[in-house]
Amino acid sequence: MGNVVDVLTEAVINRPLAEVAGFAADPDRAPSWYANIREVEWRTPKPLAVGSEIAFVACFLGRRLAYTYRVEEWMPRSRLVMRTAHGPFPMETIYRWEELGPAETRMSLRNAGMPQGFSKLAGPFMAAAMRRENRKDLRQLKEILEAGPRT
């Protein structure tokens, strides 16, 4: 049995909760702030809802990963829970947003799963690599949102 990977990362973003949650929860925007995500394809009709399935292509630890997330829980402006429906690494991803002030939001990003295949072999390095990547991703999200209005 492999090691369970469970990584929690947080960032405080100086933008209103509705803006942070709306941007981060939009799968079409994922490639703009997730460094490893290359492609996004909706497998079910928009908008985001419980049961939505979204396919992603990513590059992680030098490997191309194709996986599909299924939305298990969706509480706008509060919590988004997705689990892999198809892919090489069974994973649950949880976004949580907390209003700290009128223009200040704490976002947490948690990834937990059981490595398999190649990922299982890289198990000892997986959590550290995911933590490093998640920190970079949340920094990028913070930079994008704090830069101001988007088109």
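Guide: A residue is called buried when its relative accessible area is under 20%, exposed when it is over 50%, and partly exposed in between. The model discussed here is a predicted one. Asp 6, at a relative accessible area of 38%, is therefore partly exposed.

Visitor: In which strand does Asp 6 lie, and which residues make up the covered and uncovered faces of that strand?

Guide: Asp 6 belongs to strand β1, which spans residues 5-13. The covered face of β1 consists of Val 5, Val 7, Thr 9, Ala 11 and Ile 13. The uncovered face holds Asp 6, Leu 8, Glu 10 and Val 12.

Visitor: How many bridges join β1 to strand β7, and in which direction do the two strands run?

Guide: Nine bridges join β1 to β7, residues 104-113, and the two strands run antiparallel. Within this pairing, Glu 10 stands opposite Ser 108 of β7.

Visitor: Is Arg 110 buried or partly exposed, and which residues does Arg 110 touch?

Guide: Arg 110 has a relative accessibility of 34%, so this residue counts as partly exposed. Leaving out residues up to four places away in sequence, Arg 110 touches Asp 6, Val 7, Leu 8, Glu 92, Thr 93 and Ile 94. Leu 8 and Arg 110 are 102 residues apart in sequence, yet their C-alpha atoms are 4.3 Å apart in space.

Visitor: Which residues are linked in a network of salt bridges?

Guide: The network links Glu 53, Arg 70, Glu 72, Arg 83 and Glu 92. Between Arg 83 and Glu 92, the side chains meet at 2.7 Å, N to O. Arg 83 counts as partly exposed, at 36% relative accessibility. A further salt bridge joins Arg 15 and Glu 19, whose closest N and O atoms are 3.1 Å apart. Arg 15 is partly exposed, with a relative accessible area of 23%.

Visitor: Which residues of helix α1 are buried, and what follows for the helix as a whole?

Guide: The buried residues of α1 are Leu 17, Glu 19, Val 20, Ala 21, Phe 23 and Ala 24. Because six of the eight residues of this helix, residues 17-24, are buried, α1 is largely enclosed by the rest of the structure.

Visitor: Which residues touch the most other members of the largest nonpolar core?

Guide: That core has 39 residues, and those touching the most other members are Trp 33, Leu 80, Tyr 95, Trp 97, Met 107, Met 130 and Leu 141. Helix α4, residues 123-146, supplies the largest share of this core, with seven residues. Consider Leu 141: neighbours within four places in sequence aside, this residue is in contact with Ile 13, Phe 23, Ala 24, Trp 33 and Met 107.

Visitor: Where is Thr 93 found, and is Thr 93 buried or exposed?

Guide: Thr 93 is found in strand β6, residues 91-101. With a relative accessible area of 2%, Thr 93 is buried. The side chain of Thr 93 makes a polar contact of 2.5 Å with the side chain of Asn 111. Beyond residues up to four places away in sequence, Thr 93 touches Tyr 69, Leu 80, Val 81, Met 82, Leu 109, Arg 110 and Asn 111.

Visitor: Which residue has a positive phi although it is not a glycine?

Guide: Arg 77 has a positive phi of about 70 degrees. Arg 77 lies in the loop between β4 (63-75) and β5 (79-86). At 53% relative accessibility, Arg 77 counts as exposed.

Terms used. Residues are numbered from 1 along each chain as its sequence is written. This is a predicted model: local features need pLDDT of at least 70, side-chain atom pairs count only at pLDDT 80 or more; totals for chains, interfaces and linings use all residues. Side-chain values use heavy atoms; hydrogens and water are left out. Buried means under 20% relative accessible area, exposed over 50%, partly exposed in between (1.4 Å probe, protein chains only). Helices (H or I, at least four residues) and strands (E, at least two) are DSSP runs, numbered from the N terminus. Two strands pair if DSSP finds at least two bridges between them. A salt bridge is a side-chain nitrogen of Lys or Arg within 4 Å of a carboxyl oxygen of Asp or Glu. A nonpolar core is a set of buried Ala, Val, Leu, Ile, Met, Phe, Trp, Tyr and Cys residues joined through side-chain atoms within 4.5 Å. Contact means heavy atoms within 4.5 Å. A polar contact is a pair of N or O atoms within 3.5 Å; within protein, one must be able to donate a hydrogen and the other to accept it, and residues adjacent in sequence count only if both atoms are side-chain atoms.
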